[in-house]
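Student: I would like to go through a structure with you. Could you show me the sequence and the model?

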Amino acid sequence: MTENEIFFIDITEKKCPMTTVYVRAKLDAMTSGQELDVWLYGTETRKNVRASVQALGHTILADSPVSDRADLYCLSIKRR
């Protein structure tokens, strides 16, 4: 793994609270400065994952809808 490598995880089929567990496990396996793109479904999941990531001290780089699917979002996270 290199610092400039961008990882991806799709948790669109996962339900809370497992969504935050999957994201945290992926972030824990990464090194400082690496980025993770997370696809997730629903505003509640989006809110919970954002809060969890920020509570762990990581940075949300972007939070945007994915083009043609309703309630599908991509969070871009930088590991601390």
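Student: Which residue in E4 does serine 64 stand opposite?

Tutor: Serine 64 stands opposite cysteine 74 in E4. This is a predicted model, in which local features need pLDDT of at least 70, side-chain atom pairs count only at pLDDT 80 or more, and totals for chains, interfaces and linings use all residues. Residues are numbered from 1 along each chain as its sequence is written, and side-chain values use heavy atoms, with hydrogens and water left out.

Student: How many bridges join E3 to E4?

Tutor: Six bridges join E3 (residues 59–65) to E4 (residues 72–78), and the two strands run antiparallel. Strands pair if DSSP finds at least two bridges between them; strands (E, at least two residues) and helices (H or I, at least four) are DSSP runs, numbered from the N terminus.

Student: And which residue in the turn has a positive phi?

Tutor: Aspartate 71, with a phi of about 65°; six residues lie between the strands of this hairpin.

Student: What is threonine 59 in contact with, leaving aside its neighbours within four places in sequence?

Tutor: Threonine 59 is in contact (heavy atoms within 4.5 Å) with Ser76, Ile77 and Lys78.

Student: Changing topic, which residues of H1 meet H2?

Tutor: Thr19, Thr20, Val23 and Leu27 in H1 meet Thr45, Asn48, Val49, Ser52 and Val53 in H2. These residues divide into four nonpolar, five polar and no charged. Here Ala, Val, Leu, Ile, Met, Phe, Trp, Tyr, Cys and Pro count as nonpolar, Asp, Glu, Lys and Arg as charged, and the others, Gly among them, as polar.
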